[in-house]
Amino acid sequence: MSMAMDTNTSQMETQSWTRICALDDIPRLGARVVKSLHGNIAVFRTFDDEVFALADRCPHKGGPLSQGIVHGRHVTCPLHSWNIGLSDGIAVAPDEGCSAKYATKCENGYVYIRF
Ligand code: FES
């Protein structure tokens, strides 16, 4: 699922953090896609309500990680089932590669990202 950033984004910026959506806009064990100047970013929510953001491109062949299966702190790519760490973007061995990661935080029920 794709979404644009809040229209009030400029008002919501605190230092370099940009508010992107409410936490509840992201399904548990799911993801939303944020379009940015840096390309599509997949924002994941774990079962424990942790939020992580990675470039929506698998380090293998560019599969859309936002459509993968979230389990624990990993996502399994929908194309060839590589497992990617949500906290660091690094593929689990024996696979090798890394997706760009972005810092996130949750405050008062909203998710913020630092580009
Ligand atoms: S593109 Fe993700 S595992 Fe191949």
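A charge sits over a ring if NZ of Lys or CZ of Arg is within 6 Å of the ring centre and within 35 degrees of the ring normal. The legends below describe a predicted model, in which local features need pLDDT of at least 70 and side-chain atom pairs count only at pLDDT 80 or more, while totals for chains, interfaces and linings use all residues. Residues are numbered from 1 along each chain as its sequence is written, and side-chain values use heavy atoms, with hydrogens and water left out.

View 1. The chain contains one helix and 10 strands, where helices (H or I, at least four residues) and strands (E, at least two) are DSSP runs numbered from the N terminus. Read from the N terminus on, the elements follow the order β-α-β-β-β-β-β-β-β-β-β. Of the 115 residues, 41% count as buried; buried means under 20% relative accessible area, exposed means over 50%, and partly exposed lies in between, with a 1.4 Å probe and protein chains only. Among the contacts in the chain with a separation of 6 or more, 40% come from residues 24 or more positions apart, and a contact here means heavy atoms within 4.5 Å.

View 2. Two strands pair if DSSP finds at least two bridges between them. S2 and S10 run antiparallel and are joined by five bridges, and one of the residues to look for is Arg 19, whose bridge partner in S10 is Tyr 112. S9 and S10 also pair in the antiparallel sense, over five bridges, with Glu 107 standing opposite Tyr 110 in S10. The hairpin of S9 and S10 has two residues between the strands, and Asn 108 takes a positive phi near 50 degrees there.

**View 3. Two charged side chains over tyrosine rings.** Which residue lies over the face of Tyr 110? It is Arg 19, at 3.8 Å from the ring centre.

View 4. A pair of aromatic rings is described by the distance of the centres and the angle of the planes. Rings of Phe, Tyr and Trp (its six-membered ring) pair if their centres lie within 6.5 Å, and planes under 30 degrees apart count as stacked, those over 60 as edge-to-face and the rest as tilted. By this rule the count comes to one aromatic pair. The ring centres of Tyr 102 and Phe 115 are 6.4 Å apart and their planes stand at 70 degrees, so the pair is edge-to-face. The pair links distant parts of the chain, because Tyr 102 is in strand S9 (residues 101-107) and Phe 115 is in the segment after strand S10 (110-114), 13 residues apart. Tyr 102 is buried, with a relative accessible area of 15%, whereas Phe 115 counts as partly exposed at 36% relative accessibility.

**View 5. The open sheet of S6, S7 and S8.** Three strands form this open sheet in the order S6-S7-S8, with antiparallel pairing. Strand S6 (69-71) and strand S8 (83-85) stand at the edges and have a single partner strand each, so one side of each is left without a neighbour in the sheet. S6 and strand S7 (residues 74-76) run antiparallel and are joined by three bridges, and the bridge partner of His 71 in S7 is His 74.

View 6. Is Arg 45 buried or exposed? Arg 45, which is found in strand S4 (residues 39-45), counts as buried at 6% relative accessibility. Its side chain makes a polar contact with the side chain of Asp 49 (2.8 Å); a polar contact is a pair of N or O atoms within 3.5 Å, and within protein one must be able to donate a hydrogen and the other to accept it, while residues adjacent in sequence count only if both atoms are side-chain atoms. Leaving aside its neighbours within four places in sequence, Arg 45 is in contact with several residues, including Leu 23, Asp 24, Leu 29 and Val 70.

View 7. Leu 29 lies in the loop between strand S2 (17-22) and strand S3 (30-36), and its phi is near 60 degrees, a positive value in a residue other than glycine. Ser 81, found in the loop between S7 and S8, has a positive phi near 65 degrees. Pro 94 is in the loop between S8 and S9, and the peptide bond from Ala 93 to Pro 94 is cis, with omega near 15 degrees.
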